[in-house]
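Q: Hey, I'm new to this one. Can you walk me through it?

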Amino acid sequence: RPSTSTPSPRPPRAVTPTHMGAASPARTPATIPEQPTPPYSNVEDVIAVANECFEKLFNDGNAQALSQLYCEDAELNPPSMGGRPTKGRAAIRDFWALGMVSDLAPMERNSEEVLPAGSFLVERAQYTHKGGCGAMLVLWKKEGREWKIYREIFN
């Protein structure tokens, strides 16, 4: 039965390129590391760490590495697209690259709830950036040992 309790706070740790395996500020190509294993054994902590990585990559302007957080067949549903989803990792990379040149950083994502749903996780969260704030729903899918964003919608 899914937990409805509030998620545990983020682990108190700094996110650095070395720690998360993210690219350097020089925006060299990078791959996203395997998701952490215990002590990050609960889903809230795994998603919190993934969101810290998302923030770091977005704020560093690394759209290529950021896109690796998404499944190859992911769909992003931002309000600016008039209800039409942005489909596929390459299109999502281009979408976030545009956001980065629009000077929206810093971006922050805060999970409010993470619920297991079979081989998926459903995350309800809030985000903020220079352009404003809003709510989002994220469907995470396990691919191998990593949780990746499969569907994401925000307002």
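Predicted model: local features only at pLDDT ≥ 70, side-chain atom pairs only at ≥ 80, totals over all residues.

Q: Okay. Which residues touch the most other members of the largest nonpolar core?
A: That would be F54, L66, Y70, W96 and W140, out of 31 residues in that core.

Q: And which element gives the most to this core?
A: α2 does, with seven residues. Among the others that give two or more are α3 (63–67), β1 (70–77) and α4 (89–101).

Q: Back to F54, what does F54 touch?
A: Leaving out residues up to four places away in sequence, F54 touches L66, L69, Y70, W96, M107, R109 and I149.

Q: Switching to α4: which of its residues are buried?
A: R89, I92, F95, W96, G99 and M100. Looking down the axis of α4, the buried residues fall within an arc of 140 degrees, so they line one face of the helix.

Q: Why would residues a few places apart point the same way?
A: An α-helix has 3.6 residues a turn, so that happens for residues three or four places apart.

Q: What covers the buried residues of α4?
A: The cover includes α2, α3, β1, β2 (86–87) and β6. On the face turned away from the buried side, α4 carries the exposed residues L98 and V101.

Q: What comes just after α4?
A: D103 is there, with a positive phi of about 60 degrees.

Q: New topic: how many disulfides?
A: The count comes to zero.

Q: Is C133 buried or exposed?
A: C133 is exposed, at 60% relative accessibility. C71, on the other hand, is buried, with a relative accessible area of 0%.

Methods: Residues numbered from 1 in each chain as written. Heavy atoms only, no water. Core = buried A, V, L, I, M, F, W, Y, C linked by side-chain atoms within 4.5 Å. Buried < 20%, exposed > 50% of the residue type's maximum accessible area, 1.4 Å probe, protein only. Helix = DSSP H or I, 4+ residues; strand = E, 2+ residues; numbered from the N terminus. Contact = heavy atoms within 4.5 Å. Disulfide = S-S within 2.5 Å. Arc of directions from axis to C-beta.
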